[in-house]
Structures are given as structure tokens and as C-alpha cells.
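Me: I would like to understand the words used for helices and strands in this structure, with the reasoning behind each of them.

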Amino acid sequence: MAILKSKGTAILVSISASYTAMEEVQSISVSGHKSLSMPTTSLAGGSHMTKAPNGYVETPNISVEKLWDPANTVDAFIKTTIATPVATNVKITYTNSGPTSVIYSCATFGVDESISLTDPVKATITMETSGAPS
Amino acid sequence: MKAILNQKVYVDTMGLPKELALLAEPEPQKDGTNHWFWPRGMVIEGDAGTFAGIKAVHLSGTGQADPADDETIAIIGRTPEEQNAQRVRSEMAAKGIWDKGDRELYMAGVILGYDADLKSIPGPNWDAYHAAREQAQTQTKTEEI
């Protein structure tokens with residue numbers, strides 16, 4: 001199994017059908033991707049509760065921490081997309097021999113900005129994905 | 001409006017007009033699917049208000065393309081130095097160069113990015129940088145003696 005280092009990983013946003021990489025990214029998180037279950041416990045069964053896959057999958061949420069610049073093309077696009085939501089593809093490229101890329105369709109975007117005395121202006125961008133990644 | 005791509009640009013072919021979608025090349029993925037991209041050096045040209053024209057301006061703005069006519073240059077409104085700086089920032093973002101030291105080395109032309117093993121790919125100034133570094137270290141040792 002290849003051990004992937006974080007450096008070299010890029011996250012790109014599709015703007016009018018072409019992908020542009022986010023600049024000044026500090027961290028990327030893709031979380032919550034999981035198979036969903038249904039309870040199958042019955043009175044006739046043992047004491048341990050039982051479950052089975054219900055055939056559905058919870059899609060992941062993507063969270064990006066980055067330095068924030070409202071004049072940057074991608075940052076400005078994200079703000080626009082919050083105001084006028086449209087499903088938008090986001091591509092994450094991992095550096096390994098390949099490289100391997102995954103495309104997520106994002107249904108919603110969110111931005112939390114942080115402006116403090118001693119730090120640069122930062123933002124946490126959250127994206128709810130929809131459907132199977134490709 | 002006219003621009004020339006200065007790097008590989010990935011695209012969603014479903015969202016493109018047919019004539020631009022046909023210019024995309026496939027990049028096979030490990031799962032057997034293809035991701036599509038426009039190659040470096042490709043020219044995007046179109047009248048104002050057309051998809052290609054808007055795209056030429058958009059990609060010049062992000063730094064992924066170099067404006068190639070007076071109209072596009074005027075719309076972007078950057079000096080050549082500013083446009084070059086944006087191009088470099090765009091390249092670093094696309095190559096996942098986040099470390100501050102590596103970013104400085106990239107901007108100085110010492111490295112071109114990372115290979116599949118995440119080792120630095122030497123840039124045009126690689127030899128000069130390492131020679132200068134070695135000389136500085138030798139000088140420091142001499143001064144200490």
C-alpha cells in the first residue's frame with residue numbers, strides 16, 4: 001500500500017466547465033463517507049443488536065482551510081455560488097504514481113471567514129457532496 | 001479574446017460547447033474512467049460574449065492562460081510581471097506546493113514540482129542554488145575555524 005504524503009495534493013473547482021486549483025490551501029478534509037445500515041434485530045435473535053447494509057451511502061463533506069482573498073477567482077466564485085447555488089464539481093488530486101483524482105459533485109458551499117489580530121485572513125470552506133464520486 | 005494555456009487545464013466536457021469539448025484529451029484513471037483536459041499550449045479564441053471568448057478572459061484571470069491579444073490584456077488589466085506572478089501562483093496551487101520553503105524554491109526556479117515519489121524535480125536554477133548553498137556552508141565552516 002502506498003503511503004501518501006499530504007504535499008502535492010491539490011483541490012480544484014470547476015468554474016464554467018474548467019477546473020482551477022484553490023490557492024493557499026492549508027488543509028483538506030473529506031469526511032462522513034459511509035455506508036448506511038438498517039436495524040435487523042428481532043425478538044427471536046441474540047442479545048447483540050444486528051444491522052445490515054440498507055443499500056444507501058452517506059456522501060462525504062469536504063472542508064478546506066485556506067488563506068482567504070475575496071478578489072481571488074476561486075474564492076469569489078465560491079461566494080457567488082453560495083448566493084446562487086448550482087451543483088459544482090470539485091476535484092481532489094492525490095500525489096501518488098498515477099496520479100489519482102476524485103471528482104465530487106457539490107450541492108452546497110459554505111464559507112466561514114476568520115480575521116484576527118496576528119493571523120492572515122483565513123476561511124474554512126465547506127462543501128456538501130451529492131452522488132457517487134467519480 | 002485570445003489566450004494560450006500555460007498549463008494543463010482539466011475540464012468537464014459535458015459543460016463545454018462541442019467545438020471546445022472535442023479539443024480535450026483523456027487522462028486514464030486507475031478505475032478505468034477518463035478525466036479530460038486541455039493541453040498546455042492550446043489556444044482559446046472567441047468573440048466577446050461567446051463561451052470561448054469568456055473562457056479566454058477567465059483563464060487569463062486565474063493565471064492558467066497567458067492573454068494573447070490586446071483586448072484580453074486590457075480586460076485583465078495586469079502588468080506582465082503581475083500576470084507572471086499569478087501564473088506562478090496558479091501553477092503552485094495545481095501542483096500542490098503548499099510548503100513555504102518549497103514555494104520559495106519554485107518561485108526561484110530551483111524546483112519544478114514533485115515527482116511521483118514526492119522528490120523535488122530540479123528546475124533551471126537547481127545546480128546554481130546547490131552550488132551557492134555549498135559555498136555558503138564551506139565559508140561558514142572556514143569562518144568558524
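Reply: Two strands pair if DSSP finds at least two bridges between them, and helices (H or I, at least four residues) and strands (E, at least two) are themselves DSSP runs, numbered from the N terminus. This is a predicted model, in which local features need pLDDT of at least 70. Residues are numbered from 1 along each chain as its sequence is written.

Me: How do you know that strand S1 (residues 2-5) of chain B and S5(B) pair?

Reply: S1(B) is joined to S5(B) by 3 bridges, and at least two are asked for, so the two strands count as paired. They run antiparallel, and Ile4(B) stands opposite Val43(B) in S5(B).

Me: What makes strand S5 (43-45) and strand S6 (65-67) of chain B stand at the edges?

Reply: The open sheet of 3 strands has the order S5-S1-S6 in chain B. S5(B) and S6(B) each have a single partner strand, so one side of each is left without a neighbour in the sheet.

Me: Which residues of H4(B) and H5(B) make the contact?

Reply: Contact means heavy atoms within 4.5 Å, and it is made by Val88(B), Glu91(B) and Met92(B) of H4(B) with Arg103(B), Tyr106(B) and Met107(B) of H5(B).

Methods. Chains lettered and ligands numbered in written order. Predicted model: local features only at pLDDT ≥ 70, side-chain atom pairs only at ≥ 80, totals over all residues. Heavy atoms only, no water.
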